[in-house]
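Me: Could you walk me through this model, one question at a time? I'd like the cut-offs spelled out along the way.

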Amino acid sequence: QSADITLITSIVFGLFGFGATELFRRSFSAVFFDESSASGPSEILLLVAAGFATLLTCLAGSPFEILRVRSMSMVESEPIATVFNSFIEENRARKKGVQPAIESSTDTRRFELSDVKPLWSSFNPIVARELPFAVTKFLVFDLAASTIASAINSSGALGDTEIQVGVGTAGLTLSALSGAIAGIFGAFVSHPADLILTLTSASSRGGDSKNWQEIVRELLNEDGGVLNLFAGFPARAVFFFLVIGLQFFLYDYVKVLLNVGSDDLTLVLDVFYAVRKGLV
């Protein structure tokens, strides 16, 4: 159901998140550190880059996420245009203090800023879910890939050939495996926020709207306590084990397929640096 909205949301949060993280990491490295030096707080750079990228990704993806969640509550699958029109109609009716019509009669092709502003109403909860997920995902991937590669290379399992992340069959397998591990850790740290966001959305649709503090209080007061915040985690862990592993595999595979190297990815940064220094 709602395959079109889900696909768009996945593209925004997945591909845009990868690209923005890579851009920020290389930008910060070029600006704040000597590129000729092999040393540098790479993990810190990665965390900061992932954080900035997540904020931008959430800003771009929040409208699609709120429409996706809304579409999943519909009895029948509807195209994204219909879901958007229904969302605008409902918010207009709420501002007027009336019940929204079953069939939208308002011309939603002409809307004001106040009509679309609620599309970002879930920005903070989405950031609370995506920020720990993204930061953990990239950090664990980096640590897992470097640790596994170092262990394989030091053992001499591949002979004189050293495994490199994303290079060759062994490197792509390493990318997929490290990404899968990162997916599990990312799912773990972000699961409470994802559960609370889901329950908050469900309560608002049911008419008995609850804020996130009330939902957390109810979960903690029930039998199980803190463990209730991780209800449904196994299924989500399996999902992200597969999805994040595939994401990192495809990301590195496409880079190899298009012959995109480090010099290509930093070329635009070199141009900006030269302009800033007045060299061109």
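Reply: Ile184, Phe185, Val238, Phe241 and Leu242 make up a nonpolar patch on the surface, a patch being built from residues with over 30% relative accessible area and no salt bridge, with nonpolar side chains (Val, Leu, Ile, Met, Phe, Trp, Tyr) joined within 5 Å and like charges within 9 Å. Areas come from the Shrake-Rupley method with a 1.4 Å probe, and for residues only the protein chains shown count as cover. Together the five residues of this patch, Ile184, Phe185, Val238, Phe241 and Leu242, have an accessible area of about 450 Å².

Me: What should I know about numbering and confidence?

Reply: This is a predicted model, where local features need pLDDT of at least 70 and side-chain atom pairs count only at pLDDT 80 or more, while totals for chains, interfaces and linings use all residues. Residues are numbered from 1 along each chain as its sequence is written, and side-chain values use heavy atoms, leaving out hydrogens and water.

Me: Which element gives the largest share of the nonpolar patch?

Reply: Two elements give two or more residues to the patch, H6 and H8. Helices here are DSSP runs (H or I, at least four residues; strands are E, at least two), numbered from the N terminus. Val238, for one, is found in helix H8. The largest share, three residues, comes from H8.

Me: Which residues touch the most other members of the largest nonpolar core?

Reply: A nonpolar core is a set of buried Ala, Val, Leu, Ile, Met, Phe, Trp, Tyr and Cys residues joined through side-chain atoms within 4.5 Å. Buried means under 20% relative accessible area, exposed over 50%, and partly exposed in between (1.4 Å probe, protein chains only). Helices H2 (42-72), H5 (123-155), H6 (168-205) and H8 (233-257) each give two or more residues to this core. Of its 15 residues, the ones touching the most other members are Phe138, Phe240, Ile244 and Phe248.

Me: At what angle do the planes of Phe138 and Phe248 sit?

Reply: Aromatic pairs are rings of Phe, Tyr and Trp (its six-membered ring) with centres within 6.5 Å; planes under 30 degrees apart are stacked, over 60 edge-to-face, the rest tilted. Phe138 is in helix H5 and Phe248 in helix H8, 110 residues apart. Phe138 counts as buried at 8% relative accessibility, and Phe248 does too at 3%. Their pair is edge-to-face, with 5.9 Å centre to centre and the planes at 75 degrees.

Me: Is the pair of Phe24 and Phe52 stacked, edge-to-face or tilted?

Reply: Phe24 is in helix H1 (residues 3-32) and Phe52 in helix H2, 28 residues apart. Phe52 is partly exposed, with a relative accessible area of 43%. The ring centres of Phe24 and Phe52 are 5.8 Å apart and the planes are at 40 degrees, so the pair is tilted.

Me: Which residues are linked in a network of salt bridges?

Reply: A salt bridge is a side-chain nitrogen of Lys or Arg within 4 Å of a carboxyl oxygen of Asp or Glu. Arg129 bridges to Glu130 at 3.0 Å, N to O, and to Asp194 at 3.4 Å between the closest N and O atoms. Asp194 also bridges to Arg236, at 3.5 Å. The network links Glu65, Arg129, Glu130, Asp194 and Arg236.

Me: What does Glu130 touch, not counting residues up to four places away in sequence?

Reply: Glu130 is found in helix H5. Contact means heavy atoms within 4.5 Å. With that cut-off, Glu130 touches Phe13, Thr54 and Cys58.

Me: How far apart in space are Ile66 and Ser122, C-alpha to C-alpha?

Reply: Ile66 lies in helix H2 and is buried, with a relative accessible area of 16%. Its contacts, not counting residues up to four places away in sequence, include Phe87, Pro118 and Ser122. Ile66 and Ser122 are 56 residues apart in sequence, and their C-alpha separation is 7.1 Å.
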